[in-house]
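Good morning, everyone. Please look at the screen while I walk you through one protein.

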Amino acid sequence: SSAEAEYVALYLCTMRAIYLRNLTEIFGHKQGPTPISCDNACAVGLANDQVADGRTKHVERKFHFTRSIIAKGMVSVYWQAGTSNLADFFTKRLDEETHWRFTNLFTVDIATNQ
């Protein structure tokens, strides 16, 4: 399901965030909770341990690691609308206005800031 795929992606983001947090803390930069956004409400609910659905029993236990990291206050996972999700440009059909906004962002704004 898409919720499971997004939940696995949250797990992978959490793993990367923990690595980067540890690296910056080694250099003396204390970190607050690292925010991670997701545009799938079910995946956010799973990560925040707010969804108790029988259809999620098949999810591998290792992916629930994100829950323990959230409980420790190292990471915060929140829902963000897909209209501001940069990955949607490559994976979803967008309305014309959003398409051109992302096109300008990727071809003009990013290219001129390098």
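This is a predicted model: local features need pLDDT of at least 70, side-chain atom pairs count only at pLDDT 80 or more; totals for chains, interfaces and linings use all residues.

Every value you hear was computed from it.

Start with the layout. The protein has five helices and two strands. Follow the sequence and you read α-β-α-α-β-α-α. How much of the protein is buried? Of its 114 residues, 26% count as buried. The accessible surface is about 7,900 Å². Carbon and sulfur atoms make up 57% of that surface.

Now, how do the parts of the chain meet? Take the contacts between residues at least 6 apart in sequence. Of these, 65% join residues at least 24 apart.

Next, the core. The largest nonpolar core holds 18 residues. Y7, L10, A47, V75 and V77 have the most contacts inside it. Which elements build this core? At least two residues come from each of these: helix α1 at 2-26, strand β1 at 34-38, helix α2 at 41-47, helix α3 at 65-71 and strand β2 at 75-79. Helix α1 gives the most, with five residues.

Pick out L10 on your screen. Leave aside residues up to four places away in sequence. L10 then touches I36, C38, A43, V44, A47, T66 and V77.

On to the aromatic rings. The structure has two aromatic pairs. I will show you the one formed by Y11 and F65. Why do we call it edge-to-face? The ring centres are 6.4 Å apart, and the planes stand at 85 degrees. An angle over 60 degrees counts as edge-to-face, so this pair qualifies. The pair also links distant parts of the chain. Y11 sits in helix α1, F65 sits in helix α3, and 54 residues separate them.

Are these two residues buried or exposed? The cut-off for buried is under 20% relative accessible area. Y11 is at 12%, so Y11 counts as buried. F65 is at 29%, so F65 counts as partly exposed.

Now the cysteines. A disulfide is a covalent bond between the sulfur atoms of two cysteines. How many disulfides are in the whole structure? The search finds zero. Let's see why. Look at C13. The closest cysteine sulfur to its own is in C38, 8.6 Å away. A disulfide needs the two sulfurs within 2.5 Å, so C13 and C38 are too far apart for a bond. Their surroundings can be compared too. C13 is partly exposed, at 39% relative accessibility. C38 is buried, at 5%.

The loop between helix α4, residues 88-91, and helix α5 contains L94. L94 is partly exposed, because its relative accessibility is 24%. L94 touches D88, F89, H99 and F102. T103 lies in helix α5, which covers residues 96-112. T103 is buried, with a relative accessible area of 15%. The contacts of T103 are F89 and V108.

One last stop. Find F102 and look at its ring. R101 lies over the face of that ring, 4.8 Å from the ring centre.

That is the tour. Thank you.

How values were computed. Residues are numbered from 1 along each chain as its sequence is written. Side-chain values use heavy atoms; hydrogens and water are left out. A nonpolar core is a set of buried Ala, Val, Leu, Ile, Met, Phe, Trp, Tyr and Cys residues joined through side-chain atoms within 4.5 Å. Buried means under 20% relative accessible area, exposed over 50%, partly exposed in between (1.4 Å probe, protein chains only). Helices (H or I, at least four residues) and strands (E, at least two) are DSSP runs, numbered from the N terminus. Contact means heavy atoms within 4.5 Å. Rings of Phe, Tyr and Trp (its six-membered ring) pair if their centres lie within 6.5 Å; planes under 30 degrees apart count as stacked, over 60 as edge-to-face and the rest as tilted. A charge sits over a ring if NZ of Lys or CZ of Arg is within 6 Å of the ring centre and within 35 degrees of the ring normal. Accessible areas come from the Shrake-Rupley method with a 1.4 Å probe; for residues, only the protein chains shown count as cover.
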